[in-house]
Amino acid sequence: MTYGPAQFQTEFNVSHETLARLEAYDRLLLEESAIHNLIARSTVERRWDRHFRDSAQLYALIPRGARSLVDLGSGAGFPGLVLAALGAADGLQTVLIESTGKNAAFLSHAASAMRLENVAVLPQRVESTTISPPDVITARAFARLVKLLAYAAEIAGEKTLIIAPKGQDVEDELTEASKCWHMKVERRPSVTSPESRILLIS
């Protein structure tokens, strides 16, 4: 059976309002992807599993009480827009950093269509960003871990948690990063790929 909005709503127990926001996002994503390839064409038919579900699983890993989240290299909005939708009712303020102009414009359009008032889009490079240290930093398919940590270090505070989904090369990336960074790492399984792991880094 194809994984779609109904399955998503059941799995993550989201409200009808939240699902409506995500479906508005989905409609725009399909329209724009036909022009700009926001997501890989091979994943379009499986987008609710491959992108929406893969992003939403991170929400349960955000510490209770977290009020601010920064998503690095947001691209088409995964996981940033999905997490913003899930956290809207809890007041999770979300900043999406995206340097590619057409992607940043899409993110702003999508946030407006989703009626999300807890989202800000910064159309700039991460290393040029000046922002208060957030409670959480996320990044999905953005950079190898050693480079991701360098970017994150520019805006992270002492208590910032980094949530980074990684694929089958996760252990190689951790070995590489450990040569440059002292870090505490927790590994969590991914619901969308048995070979992938979600790293919680502080």
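Two strands pair if DSSP finds at least two bridges between them. Strands (E, at least two residues) and helices (H or I, at least four) are DSSP runs, numbered from the N terminus. The model is predicted: local features need pLDDT of at least 70, side-chain atom pairs count only at pLDDT 80 or more, and totals for chains, interfaces and linings use all residues. Residues are numbered from 1 along each chain as its sequence is written, and side-chain values use heavy atoms, with hydrogens and water left out.

**View A. Pairing of β6 with β7.** Strand β7 covers residues 197-201 and pairs with β6 in the antiparallel sense, over five bridges. E186 stands opposite L200 in β7.

**View B. The open sheet.** Seven strands line up as β3-β2-β1-β4-β5-β7-β6, with mixed pairing. At the edges are β3 (119-122) and β6 (185-189), each pairing on one side only. From one strand to the next, the twist averages 20°.

**View C. Helix α6 across the sheet.** Helix α6 (residues 145-153) lies across β1 (68-72), β4 (136-138), β5 (161-166) and β7. The helix runs at about 155° to β5. Axes are lines fitted to C-alpha atoms, for helices over the stretch in contact (heavy atoms within 4.5 Å). Angles run from 0 to 180 degrees between N-to-C directions.

**View D. Surroundings of S99.** S99 sits in the loop between β2 (93-97) and α5 (101-113). Beyond its neighbours within four places in sequence, S99 contacts P123, Q124 and R125. The C-alpha atoms of S99 and R125 are 4.8 Å apart, although 26 residues separate them along the chain. S99 is partly exposed because its relative accessible area is 41%, between the limits for buried (under 20%) and exposed (over 50%), with a 1.4 Å probe and protein chains only.
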